[in-house]
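Dear colleague,

Please find the structure below, followed by a short account of what was found in it.

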Amino acid sequence: MTASVLILLIIGLSILAFLAGRFRAARAQKNGRLKALPKHYGYYTAIWSGLPALILLVAWSALKPVYIHEQIREVLPQSVLTQSNASVDLYMNDILLAIQNNDTRDDPVLIRAVDRYQQLQQESNWILTVLVVLLGLSGIVYAMTNSLLRTQARSHTETVIRVALFICSGVAIVTTIGIVLSVLFESLRFFQSVNFFDFVFGTKWSPQIAIRADQAGSSGAFGAVPLFFGTLLISAIALLIAVPVGLFSAIYLSEYASQRFRATAKPALEILAGIPTVVYGFFAALTVAPFIRDLGQSIGLDVSSESALAAGVVMGVMIIPFVSSLSDDVITAVPQAMRDGSLGLGATRSETIKQVIIPAALPGIVGGVLLAASRAIGETMIVVMAAGLSANLTANPLEAVTTVTVQIVTLLTGDQEFDSPKTLAAFALGLMLFVTTLVLNVFALHIVRKYREQYE
Amino acid sequence: MNNTEQVKLSLKKRYAREKRFQWYGKIAVWIGFVFLATLLLDITLKALPAFQKTEIQLQVPIDWETLGLQPDTRIDPESLRTVDFGGVLKKSLREVFPDVKKRKDKKLLYRLISSGAEYQLRDLILSEPELIQQGKISLWVTADDDVDTFYKLKKSTSRIKPKQAEMIQQLMDQGKIRTRFNDTFFQNSDSREPEQAGIRGALVGSFWTLLVTLVISLPIGIGAAVYLEEFAPKNKLTDIIEVNINNLAAVPSIVFGLLGLAVFINFFGMPRSAPLVGGIVLSLMTLPTIIISARAAIKSVPPSIKEAALGLGASHMQTVFHHVLPLAMPGILTGAIIGMAQALGETAPLLMIGMVAFIVDVPGGILDSATVLPVQIYLWADSPERAFTALTAAAILVLLAFLVTMNAIAIYLRKQFERRW
Amino acid sequence: MTTLHETAPVIDAHQDIQFDGTIGENLVENAKFSTRNVNVFYGEKQAIFDASLDIAENEVIALIGPSGCGKSTYLRSLNRMNDTIPICRVEGELKLDGENIYGKSMDPVLLRARVGMVFQKPNPFPKSIYDNVAYGPRIHGLARNSSELDEIVETSLQKAGLFKEVKDRLDAPGTGLSGGQQQRLCIARTIAVSPEVILMDEPASALDPIATATIEELIDELRENFTIAIVTHSMQQAARVSQRTAYFHLGRLIEVGQTNQIFTNPRHQLTENYITGKFG
């Protein structure tokens with residue numbers, strides 16, 4: 001909790017700096033004109049005082065665990081170190097637990113580690129506090145010793161704000177890089193133990209077996225084809241529902257429906273998009289799947305209670321609004337002149353829609369469908385709750401299949417060692433998922449943008 | 001006229017096609033409606049039982065002797081630690097059914113009431129010690145979830161033994177069993193026993209997580225939107241940022257979970273299951289939504305207002321912060337609320353960072369282990385006990401109520417502050 | 001519009017000019033279209049007041065007037081294109097060959113096949129040149145086989161004076177043509193259905209002078225086979241292409257007459273003001 005104390009300290013120093021800077025400028029102003037208002041000198045001093053200290057605090061907090069980790073390693077006995085990286089991580093957890101519960105279990109190694117840990121923590125806190133105060137004060141001194149007349153306080157302040165704004169927008173890039181790096185690194189580690197081609201083209205998926213036999217390098221069990229196929233099967237079912245329903249309702253609402261009906265029906269359909277996916281998962285697992293199973297039984301079909309059909313249908317319902325609102329956008333973007341031209345020739349409305357509007361809107365609609373497809377591929381909760389866990393390579397929608405996202409969740413929830421191929425496999429799957437959806441999205445957004453430009 | 005005749009000939013067929021086409025559209029819209037209605041109705045019907053809980057009336061002896069305490073002991077948690085409240089309740093159960101003699105039957109009898117009933121009794125005595133003077137009180141204790149299900153459905157389930165069914169029938173005849181509003185559901189946190197499980201812990205967890213999300217994503221989102229709309233030069237970097245934001249909006253949420261696991265938990269060593277990490281992950285996820293809507297809001301402020309301020313000699317920065325942002329605020333907040341609603345319903349990334357743990361305590365801050373409402377729903381939906389189905393559906397209703405409220409506020413804001421320039 | 005239903009409303013407050021009903025030859029003998037007491041409303045707002053006008057077979061009639069005078073609205077009510085605007089309401093008696101245009105027995109699809117329309121901005125479909133022209137014959141089933149369709153497309157393009165320019169690239173998209181070519185493509189598209197009447201709504205307003213001249217020549221040639229009503233804001237154009245001219249002002253049909261007479265010797269003060277350029 002020292003971090004919050006330090007943040008308060010920095011804020012306090014900054015306020016002090018603001019007051020001091022403003023006071024000095026206000027006094028100087030009596031003797032002549034300054035280049036900026038006193039309050040701008042206040043901001044200027046506050047920024048010089050607070051910003052460096054804040055940056056130090058953030059960097060320190062980010063790097064501290066890494067450093068302490070290294071230091072703790074040194075006091076740990078060889079027996080722990082010679083095991084894999086993961087066991088050191090686990091040991092760190094033990095240390096934290098021991099501190100939290102105030103119970104060292106009278107284990108001499110643990111006692112020593114805990115002592116060292118607490119000592120390091122204390123040292124770190126002291127050094128950090130001193131540094132923060134020093135930086136804050138020297139910032140004030142630096143800003144105050146600058147000549148008031150030469151300092152463009154306002155434009156300095158504005159530059160700092162501008163840089164801060166830029167950093168804000170850079171967060172998006174940092175996030176993407178973070179995703180790519182984290183997924184990529186763990187995947188590379190995975191591919192050190194499992195051949196890439198065995199992963200991408202293998203048809204047998206059973207990560208549990210490899211764990212049980214303690215054969216980290218075993219590659220036979222990590223064939224992801226059944227997962228890809230299961231994902232595609234469920235997504236295809238979803239699109240089979242969502243595309244016709246979404247497209248036709250978009251056509252009806254934009255071309256036929258009265259203003260009043262459209263004004264109520266459109267938001268009503270969009271409610272479907274606002275319902276959390278876990279709710280759909282519940283609905284799929286407890287209502288739709290049993291319903292489909294019973295229905296199948298009544299006509300003599302053997303339907304799994306975790307059938308791909310159930311998950312696919314519910315997922316289809318979920319993405320109806322994506323297809324319909326994107327299609328609606330592109331259909332209304334088709335200029336009225338097109339409709340007039342066709343109607344003026346004596347075409348009926350449906351002829352106009354089928355032969356002029358849909359062809360004109362086709363690129364946009366395709367883009368929308370691709371976005372919906374990427375949404376279906378990446379959807380997690382519905383399939384986690386309603387699809388199966390066993391990797392069947394089948395095209396029969398009445399059987400249970402598993403998907404990429406289901407396996408990621410299964411591999412990463414519960415007790416985990418971070419270095420086993422089992423957990424790393426989740427990252428490799430994540431990489432596949434990220435790349436696939438990224439390609440789909442970039443392609444779809446490109447098509448949609450091209451389409452918009454056509455009618456601007 | 002030849003042409004006209006020809007056109008006339010084709011008309012009937014064409015109008016039939018026209019009508020059919022219109023019907024396809026109507027059917028499509030109604031399919032959407034029917035799905036929505038079925039979903040909501042199904043969940044509401046499933047949830048209804050969870051808002052009622054079944055209670056059994058017992059005459060509980062609570063004199064000093066039964067409690068095993070010296071007369072006039074100070075009543076506090078410490079002194080009550082030794083008291084066998086379970087035994088006291090069992091004794092009062094036996095009094096209701098004096099003819100139950102066999103050991104096996106007694107066991108069934110004891111299973112009629114919730115295992116949490118003893119805490120109910122203890123808490124009562126803790127809050128009103130003077131009750132002990134009465135020697136005996138009449139107390140409605142929570143029934144076991146199987147009894148609850150049996151009593152509400154009024155039909156046998158495999159989990160109720162015939163003997164127990166007889167006992168319940170006897171209680172009904174004596175009017176010693178009733179249902180009332182299930183306050184437990186709102187006051188308790190997660191539990192292995194359905195009749196003791198509630199959503200309080202998950203709600204508080206959701207609150208902390210959303211708080212972190214809001215604190216991080218709102219300033220960063222506004223900052224990014226202001227930069228991109230007002231200050232960004234037209235260059236490659238800006239293009240890359242824009243494409244990036246659009247793509248991030250479509251990255252599957254589970255991938256953000258992987259990011260959180262690899263970066264925040266494994267690299268930076270942040271605590272697992274904590275609202276802090278959950279909030280950070282969710283804010284990265286909602287950031288594109290907030291940025292996109294904030295940009296739209298900023299863009300809709302007419303340039304004439306900006307020009308007026310610039311014309312008076314205000315700097316670009318002053319113009320933005322004094323004039324553009326305040327005018328764009330309702331739009332920005334609308335977007336932020338919608339982003340928060342998204343974050344509130346999100347489940348998958350939180351599974352990755354360990355917010356799926358079974359947590360009984362109400363989290364007291366952003367570093368405590370916590371779960372959130374949607375994850376609680378996921379956990380309950382996975383539980384085999386029948387009574388959890390109702391709880392899950394009820395929790396879903398609560399979640400939907402929050403989402404509806406948030407969206408209603410967003411719509412209200414938009415309506416209220418919508419300006420036609 | 002405060003003076004809505006008075007018998008002689010003042011319609012130019014600046015000069016106190018009165019309107020006492022349409023002046024001139026608004027009714028003819030061999031009427032293709034005959035319209036009586038037409039009132040058109042957009043919601044609450046009235047756009048046309050009691051207009052009565054006949055359009056003779058095989059004539060070119062020009063509808064002129066300042067913008068917002070209702071000339072386009074009047075034109076669009078002749079083939080029920082106003083139906084596409086939900087708030088628009090047409091009252092009065094409108095007849096094509098004696099048949100009530102807004103009657104129950106009149107089918108809008110059939111009506112529009114008989115009364116074609118060319119719009120202000122060229123609006124070719126995003127299809128090939130061939131498919132643009134073939135669109136009408138295809139939906140109406142006018143060609144029995146593909147060679148017949150080829151023939152219709154070719155003659156229509158020839159009549160529209162476009163065939164020579166595009167005969168080698170009939171598969172190219174129609175949107176790739178120049179503005180003037182696009183407008184002639186739209187005329188060819190209209191002709192392909194063999195309508196009896198062609199309504200033109202400022203067909204040259206989006207075109208450069210050379211393309212405009214080509215369109216005007218084309219209109220002159222088309223007169224032999226079609227009845228044409230053309231809305232234009234250019235008085236020169238009206239003078240060049242039309243035999244009769246009708247002048248609209250603030251939703252009222254002020255004066256109708258031979259084009260020569262309207263431009264040389266207008267009878268109503270408002271017409272004269274417009275012709276002489278006092279407003280426009």
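How much area do domain 1 of chain B and domain 2 of chain B bury between them? The two domains bury about 530 Å², 76% of it on carbon and sulfur atoms; buried area is the accessible area (1.4 Å probe) that two parts lose on being put together, summed over both.

This is a predicted model, in which local features need pLDDT of at least 70 and side-chain atom pairs count only at pLDDT 80 or more, while totals for chains, interfaces and linings use all residues. Residues are numbered from 1 along each chain as its sequence is written, chains are lettered from A and ligands numbered from 1 in the order written, and side-chain values use heavy atoms, without hydrogens and water.

In chain B, domain 1 covers 50-182 and domain 2 covers 200-417, with bounds from an automatic or database domain assignment. Their centres, taken over C-alpha atoms, are separated by 46 Å. Five residues of domain 1 are in contact with seven of domain 2 (heavy atoms within 4.5 Å). No salt bridge is found across this interface (a side-chain nitrogen of Lys or Arg within 4 Å of a carboxyl oxygen of Asp or Glu).

Between chain C and chain A, about 1,600 Å² is buried, 63% of it on carbon and sulfur atoms. C:Pro126, C:Tyr135 and C:Ile139 supply 31% of the area that chain C buries there, more than any other three residues. Here 22 residues of chain C are in contact with 17 of chain A. The count of salt bridges is one, joining the side chains of C:Arg76 and A:Asp340 at 3.8 Å, N to O.

Yours sincerely
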